[in-house]
Amino acid sequence: MKILSIDTSTSAGGIVLCEDDQVLAEINTHSEITHSARLLAGVDYVLKSTGTGLPSLDAIAAVCGPGSFTGLRIGIATVKALSQTLSRPVLSVTAFEAWVEKFSACNGVVAPMIDARRGEVYLNLFKRNGAKVEEIGPAAVDQPVRLLRRISYPKVLFIGDGAVKYRELILQVNGDWQVQGSDCFLGRATARLAFRLALEQRFTDAASLAAYYLRKSDAELNWKGA
């Protein structure tokens, strides 16, 4: 099974082509250049470098959010177009899930914290016990100190770019919590999740694929405030 996975949820974007659980090709770019200027070229490169034609794809996976509104719109629109053109199913993964998968060796309570800018973060909570992962959330967006004060677990591992940005604050709130940094590329983690979803036949279609937003865009807020 060949799956093309696309992450445009932040400026650290990724495109990964896998056959089953084996990576055939991968592109990671961290740039302020919009995904609209590099996504299709990246997909074309990944496919051509492996001699893979578009009709050879069995499914397309996307990180549906939360994250950059513009980036998510571009990525999801691209995945929808590919799905409809090729008549291939879609696999949807949240950025929270991808972050937890990126730290798949970590057990206990894991909190992916993603920088939402404007002094806010996206935050969710998961509990991992070996291969079993349970979302214990709820997912939310707010000022980090407000979200941190709602957490009652004594031991939590915070991951994600938001966790690195607010490391000092996290440790001030609870000195027993931990923060682990890494790069922000979610392509491989998304690809692994997509393959497992495919094995479980948890497909969706282009029409049902939607962005996962936790707050309204600036355009919506400005329009309502006008």
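This note covers strand pairing, salt bridges and a charged surface patch in a predicted model.

1. Strand β8 has antiparallel partners. Three bridges join β8 to strand β6 (residues 108-117), where Gly108 stands opposite Arg128. Four bridges join β8 to strand β9 (residues 132-135), with Lys132 as the bridge partner of Asn129. β8 and β9 form a hairpin with two residues between them, and Gly130 in the turn has a positive phi of about 65°.

2. The model contains ten salt bridges. In one of them, Arg196 pairs with Glu101, the closest N and O atoms being 2.7 Å apart. Arg196 lies in helix α7 (residues 187-199) and Glu101 in helix α3 (residues 95-102), so the pair ties together parts that are 95 residues apart in sequence. Arg196 is partly exposed at 38% relative accessible area, whereas Glu101 is buried at 6%.

3. A salt bridge also joins Arg215 to Glu120, with the closest N and O atoms 2.7 Å apart. Arg215 lies in the loop between α7 and α8 (218-225), and Glu120 in strand β7 (residues 120-123), 95 residues apart. Arg215 is buried, with a relative accessible area of 16%; Glu120 is partly exposed, at 21%.

4. Glu19, Asp20, Asp21 and Asp58 form a negative surface patch. Asp20 is found in the loop between β2 (12-19) and β3 (22-30) and is partly exposed, at 34% relative accessibility.

Note on methods. Residues numbered from 1 in each chain as written. Predicted model: local features only at pLDDT ≥ 70, side-chain atom pairs only at ≥ 80, totals over all residues. Heavy atoms only, no water. Patch = residues over 30% accessible without salt bridge, like charges linked within 9 Å, V, L, I, M, F, W, Y side chains within 5 Å. Areas by Shrake-Rupley, 256 points an atom, 1.4 Å probe, with all protein chains shown as cover. Salt bridge = Lys/Arg side-chain N within 4 Å of Asp/Glu carboxyl O. Lys, Arg positive; Asp, Glu negative; His and termini not counted. Charge placed at Lys NZ, Arg CZ, Asp CG, Glu CD. Buried < 20%, exposed > 50% of the residue type's maximum accessible area, 1.4 Å probe, protein only. Pairing = 2+ DSSP bridges.
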